[in-house]
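Q: I am new to this structure. Could you take me through it?

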Amino acid sequence: ALLEDLHVDSYRFSMEWARLEPMRDVSDAEGLAHYDAVVDALLAADPPIRPHVTLHHFANPIWVEDPRIDPDTCDASSSDATQLCGWSSEHVDEIIVEIAEHACFLGTHFGDRVDDWGTINEPVNYLFAAYGVGFFPPGRAYYFGQTDRFIDIVRNFIRAHVAMYEALHRCDMVDADGDGIAANVGIP
């Protein structure tokens, strides 16, 4: 109702990966129903409000990177089999596969109503705050002293963007607004 009162024609919001997949490969029906209701309410507005969905917005599921676990001592093979030890771990390829699967799931589920997708919200801000100086979760400060590690994480997020981009183009096959493009994908 506030968006209608403001007479906006589009609204960008995030579908939180941790809320939708709180455990690896386990979807949360309540979270999905929440986002279904948000998208449906936007489209039911008069006039309709175009949804712009962001997939990663400054947060990872705890099974991707738990701030309480040191990625240098994390051993996903012997401890909790669902803990992937973070974006600088030896399991980063699995994380990229998981985030691409998440993107595909959302593209398939919401593609009939959403054409505009963002992969990683403000990646420069997030990466520097979360992995450069450690102000954002998971609170890793690699920029000063472990610059190579920080650069590796940046590269991994670029790879994740590409994987999500490809997944959305592969899985969102419905042109929701009839303009001939099923998935507009970028970095917000």
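Q: What share of contacts between residues at least 6 apart in sequence join residues at least 24 apart?
A: In the protein, 67% of those contacts do; a contact means heavy atoms within 4.5 Å.

Q: What kind of model is this?
A: This is a predicted model, in which local features need pLDDT of at least 70, side-chain atom pairs count only at pLDDT 80 or more, and totals for chains, interfaces and linings use all residues. Residues are numbered from 1 along each chain as its sequence is written, and side-chain values use heavy atoms, with hydrogens and water left out.

Q: How many helices and strands are there?
A: The protein has 6 helices and 4 strands, in the order α-β-α-α-β-α-β-α-α-β from the N terminus. Helices (H or I, at least four residues) and strands (E, at least two) are DSSP runs, numbered from the N terminus.

Q: What about helix 4: which of its residues are buried?
A: Among them are Val92, Ile95, Ile96, Glu98, His102 and Phe110. Buried means under 20% relative accessible area, with a 1.4 Å probe and protein chains only.

Q: And what covers the buried residues of helix 4?
A: The cover includes helix 2 (17-20), helix 3 (29-44), strand 2 (50-56), strand 3 (116-120) and helix 6 (147-171).

Q: Changing topic, how many positive and negative side chains are there?
A: The protein has 11 positive and 33 negative side chains. Lys and Arg count as positive and Asp and Glu as negative, while His and the chain ends are not counted.

Q: What part of the whole protein is buried?
A: Buried residues are 45% of the 188 residues.

Key:
Buried means under 20% relative accessible area, exposed over 50%, partly exposed in between (1.4 Å probe, protein chains only). The place of a charge is taken as NZ of Lys, CZ of Arg, CG of Asp or CD of Glu.
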